[in-house]
Amino acid sequence: MSLLAKFAAVDEARRALGEADPARTVIERLESATLGIINGAPTILAGTNNYLGMTFDEEAVEAGRDALTEAGTGTTGSRMANGTYAAHVALEAELADFYGYPAAVVFSTGYAANLGALSALLGTGDAVLLDADAHASLFDGCRLCPADLYTFRHNDPASLDKRLGRLGDRARNALVVVEGLYGVLGDRAPLADIAAVKDRHGACLLVDEAHSLGVVGAEGRGVVEEAGVMDQVDFVVGTFSKSLGTMGGFCASRHAEVALFPYASRPYMFTASPSPATIACTRAALRTLRARPDLKQRLWRNANRLHQGLSQLGVDVGEAPSPVMPVRLQQREAALAAWNGLLAEGVYVNLFLPPAAPGGGSLLRMSVSAAHTDDQIDCIVAAVAKVMKAIGASG
Ligand code: PMP
């Protein structure tokens, strides 16, 4: 039983969490995009990625229902075999049009998009330079490839410059990998500076816009749009599972070669394609995202309201409001108590314990949705005030 012996330590760590075990928190029923029933009680959902509140978008729900009736429950196969329907191809064209790029490829999840794009791009002798705080899927994608992996300091173009400089001529075979808006701390990559550095060394740049699609940029095209680097960035990857409220991922590029990724990407080939209903919901949600800039405005208004409320309590939520708001707590016990306390007050947030929190320590990740009401934001602030007082911490 030696293979199973390691689970004794896993079980011990899990038991140490006591009641505060996010992995065992069940949303028993949903009342809306921002209200669920947890432990039998109405609970404000302030730890999702439902930035635009799109999970109950009426057109997306209707499109999904129609697709279920017309095309069935699943494709039963890979994109390369029987799993490419006209709707998958149409969504790829719509994504390419959204970014103004020649092509885009759809994957089954955002995780698969990162693994798929990185494994298509990175071969033996190539190098990949990854921001140290990048998402696990980007690390996993790099590990899947024979390329040499180097990390550089989070959001530090000078650190990237130094690393690329050390590669010499090999920098021309290097891929720089960053996120647009980081999903745990809510900070943005300094993309204009990073793009300038990679151009100087002749490298390529891939930006994961999982948390910025529909959230940042005049048209919702992410930090690449806001930073004015759409024609410098080489590859944009993203997910449908956050602002679009569905499932799936994509890679879009100004390089037409992206259309050849399917022939060189095991995470594209060896998994079933998204179901017809998922694709129909995603296409409808993308149409809503493009037609309803008011959702992004509402999201930022809510982010400002929460930021202001928490700042007034003396909670350190950083200088700039963001739809992702981390509350840092140095003591693991304080974080556990705060997470439990908030749930008891009817507010669900995300818990990051060492070593998961970037920069060390523990944190509560709060996230805002366009669908939160003013009342809900005020309830979140009131719950934080009560819980922080109870645990004797102000930040
Ligand atoms: N990239 C980033 C930055 C993410 O935060 C996530 C999900 N948390 C993913 C990729 C993976 O996306 P998905 O959940 O759709 O597989």
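The legends below describe close-up views of a predicted model.

**View 1. Helix α2 and its buried face.**
Helix α2 covers residues 58–71, 14 residues in total. From first C-alpha to last, α2 reaches 20 Å, close to the 20 Å expected at 1.5 Å a residue. Four of its residues are buried: A60, A63, G64 and A67. Seen down the axis of α2, these buried residues fall within an arc of 100°, so they line one face of the helix. An α-helix has 3.6 residues a turn, so residues three or four places apart point the same way. The buried residues of α2 pack against α10 (276–291). E58, R65 and T69 are exposed on the other side of α2. After α2 comes G72, with a positive phi near 90°.

**View 2. Helix α6 and what covers it.**
Helix α6 spans residues 157–167, and its buried residues are P157, S159, L160, L164 and L167. They cover an arc of only 155° around the axis, which puts them on the same side of α6. The cover over these buried residues includes the strands β5, β6 (148–152) and β7 (174–179), along with helix α7 (191–201). The other side of α6 carries the exposed residues A158, K162 and R166. At the start of α6, D156 uses a side-chain oxygen to reach within 3.0 Å of the backbone nitrogen of A158. G168 follows α6, and its phi is positive, near 60°.

A search of the whole structure finds seven aromatic pairs. In one of them, the ring centres of Y99 and F250 are 5.7 Å apart and the planes lie at 35°, so the pair is tilted. This pair links distant parts of the chain. Y99 sits in helix α3 (residues 86–99) and F250 in strand β10 (residues 249–253), 151 residues apart. Both Y99 and F250 are buried. For W339 and Y348, the ring centres are 6.3 Å apart and the planes are at 80°, so the pair is edge-to-face. W339 counts as buried, at 1% relative accessibility. Y348 is also buried, with a relative accessible area of 14%. One aromatic cluster is formed by F98, Y99, Y101, F240 and F250.

A ligand nitrogen lies 2.6 Å from an N or O atom in the D208 side chain. An oxygen atom of the ligand is 2.7 Å from a side-chain N or O atom of H211. The side chain of T239 has an N or O atom 2.5 Å from an oxygen atom of the ligand.

**View 3. G123 in its loop.**
G123 lies in the loop that runs between α4 (110–121) and β5 (127–131). Neighbours within four places in sequence aside, G123 is in contact with P146 and A147. The C-alpha atoms of G123 and S253 are separated by 19 Å. Along the chain, G123 and S253 are 130 residues apart.

Terms used. Residues numbered from 1 in each chain as written. Predicted model: local features only at pLDDT ≥ 70, side-chain atom pairs only at ≥ 80, totals over all residues. Heavy atoms only, no water. Helix = DSSP H or I, 4+ residues; strand = E, 2+ residues; numbered from the N terminus. Expected span 1.5 Å × (residues − 1). Buried < 20%, exposed > 50% of the residue type's maximum accessible area, 1.4 Å probe, protein only. Arc of directions from axis to C-beta. Contact = heavy atoms within 4.5 Å. Phe/Tyr/Trp six-rings, centres within 6.5 Å; stacked < 30°, edge-to-face > 60°. Polar contact = N/O pair within 3.5 Å; in protein donor to acceptor, adjacent residues only side chain to side chain.
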